[in-house]
Amino acid sequence: MHSDDHDSSRRKLIQGAAATFAAGMVLPGFAQAADADATPQAAPAPLRDPKALHPQPPFDKQSQPWPGLARDMQPPPDHGEKSYRGSNRLAGRKALITGGDSGIGRAAAIAFAREGADVAIGYLPDEEPDAQAVVALIRDAGRKAVALPGDIRDEAFCRSMVQKAVEELGGLDVLVNNAAVPHMPAGASIINTSSVTTYDPPANLLDYSLTKAAITNFSKGLAKQLIDKGIRVNAVAPGPFWTPLQVSGGQTMENLQRFGGDTPMSRPGQPAEIAPLYVLLASTEASYVTGQVFGASGGNGQP
């Protein structure tokens, strides 16, 4: 073959390959568009700078008696009440979430329910107004909600809470926090909430940081114990999140006003922003993930 013919054939081959590749990139878009015409889908959220997604400090001076209520915070925390959309990733699961009335626990409860799970929440009796709001949101998602008020510092309550959750839900295969595990089958998931203070303890939160470091260590050790039973154990280590903990003694008034401002994102996280991590760890998509710690700290700290 003449070299010009060879070059011409080669160019056509490359052009054909490029066209095939481009078609491969474009055609799925046409298919999605066709599917969208057949079944209307919610438009994806537009791209936005994450620093500007939620309120930045300074925040108003405010305080509440412990344990605090999300409903009385200014600005109110975003737990995903209006924004979280599920995709059936936890269909048929039965979850117990301690501290499920507000903050990160509430965000996880909303997300789990909208992903198809029935949800029991443990909480302090003083938090009843927040808890009832969560119960309503779970039921609005078409899932069963079980309210379990009590104090997890009482071992008898912990045992009772787990037993009632099992009875009301018909079993238990997802636990957020660490109350008990005897009822959980192979394939179940335990998710403990640690903190970025495990790795960088501030001077004013020494006891809190100590307990969170223990939870991280506990999670890694428990993961090794329970994997023989087919149960995965992981932890989430949040950075500064806008929850009732902060306004009920978790921060000094001075620190509260600038809370989260020292992160690269210049703001605290909202509970809704961490809920997807809990969904991932509860789902079979994370089937090879155990003994791990997942961080969400606005750019600071570890892991």
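Does asparagine 88 count as buried, partly exposed or exposed, and at what relative accessibility? At 56% relative accessibility, asparagine 88 counts as exposed, where buried means under 20% relative accessible area, exposed over 50%, and partly exposed in between (1.4 Å probe, protein chains only).

The model is predicted: local features need pLDDT of at least 70, side-chain atom pairs count only at pLDDT 80 or more, and totals for chains, interfaces and linings use all residues. Residues are numbered from 1 along each chain as its sequence is written, and side-chain values use heavy atoms, with hydrogens and water left out.

## Overall make-up

The protein has eight helices and seven strands; these are DSSP runs numbered from the N terminus, with helices (H or I) of at least four residues and strands (E) of at least two. Of its 303 residues, 43% count as buried. Contact means heavy atoms within 4.5 Å. Among contacts between residues at least 6 apart in sequence, 71% join residues at least 24 apart.

## Backbone features

Most residues other than glycine have a negative phi, and most peptide bonds are trans. Asparagine 88 has a positive phi, near 65°, and lies in the loop between H1 and E1. Serine 266 also has a positive phi, near 65°, and is a residue other than glycine. Serine 266 is placed in the loop between H7 and H8, and at 30% relative accessibility it counts as partly exposed.

The bond from proline 57 to proline 58 is cis, with omega near 15°, and proline 58 is in the loop between H1 and E1. The bond from glutamine 74 to proline 75 is cis as well, with omega near -5°. Proline 75 is likewise found in the loop between H1 and E1.

## Aromatic cluster

A pair of aromatic rings is described by the distance of the centres and the angle of the planes. Rings of Phe, Tyr and Trp (its six-membered ring) pair if their centres lie within 6.5 Å; planes under 30 degrees apart count as stacked, over 60 as edge-to-face and the rest as tilted. By this rule there are two aromatic pairs, listed below.

| Pair | Centre to centre | Angle between planes | Class |
|---|---|---|---|
| Phenylalanine 59 and tryptophan 242 | 4.5 Å | 25° | stacked |
| Tryptophan 242 and phenylalanine 259 | 6.2 Å | 40° | tilted |

The pair of phenylalanine 59 and tryptophan 242 links distant parts of the chain, 183 residues apart. Phenylalanine 59 is in the loop between helix H1 (3–38) and strand E1 (94–98), while tryptophan 242 is in the loop between strand E6 (232–238) and helix H6 (244–250). Both phenylalanine 59 and tryptophan 242 are buried.

Phenylalanine 259 is buried, as is tryptophan 242. Phe59, Trp242 and Phe259 form one aromatic cluster.

## Packing of H2 and H3

The axes of helix H2 (residues 103–114) and helix H3 (residues 128–140) come within 9 Å and cross at roughly 15°. Axes are lines fitted to C-alpha atoms, for helices over the stretch in contact, and angles run from 0 to 180 degrees between N-to-C directions. H2 and H3 are therefore roughly parallel to each other; angles under 35 degrees count as roughly parallel, over 145 as roughly antiparallel, 65 to 115 as roughly perpendicular and the rest as oblique.

On the H2 side, the contact is made by Arg106, Ala109, Ile110, Ala113 and Arg114, and on the H3 side by Asp130, Ala133, Val134, Leu137 and Ile138. By class, the contact of H2 with H3 has seven nonpolar, no polar and three charged residues. Here Ala, Val, Leu, Ile, Met, Phe, Trp, Tyr, Cys and Pro count as nonpolar, Asp, Glu, Lys and Arg as charged, and the others, Gly among them, as polar.

## Two buried helix residues

Valine 135 lies in helix H3 and is buried, with a relative accessible area of 4%. Not counting residues up to four places away in sequence, valine 135 touches Ile121, Ala145 and Ala147. The C-alpha atoms of valine 135 and alanine 147 are separated by 7.1 Å, and the two residues are 12 apart along the chain.

Threonine 216 is in helix H5 (residues 206–226). Its relative accessible area is 6%, and threonine 216 is buried. Leaving aside neighbours within four places in sequence, threonine 216 is in contact with Ser194, Thr198, Tyr199 and Val293.
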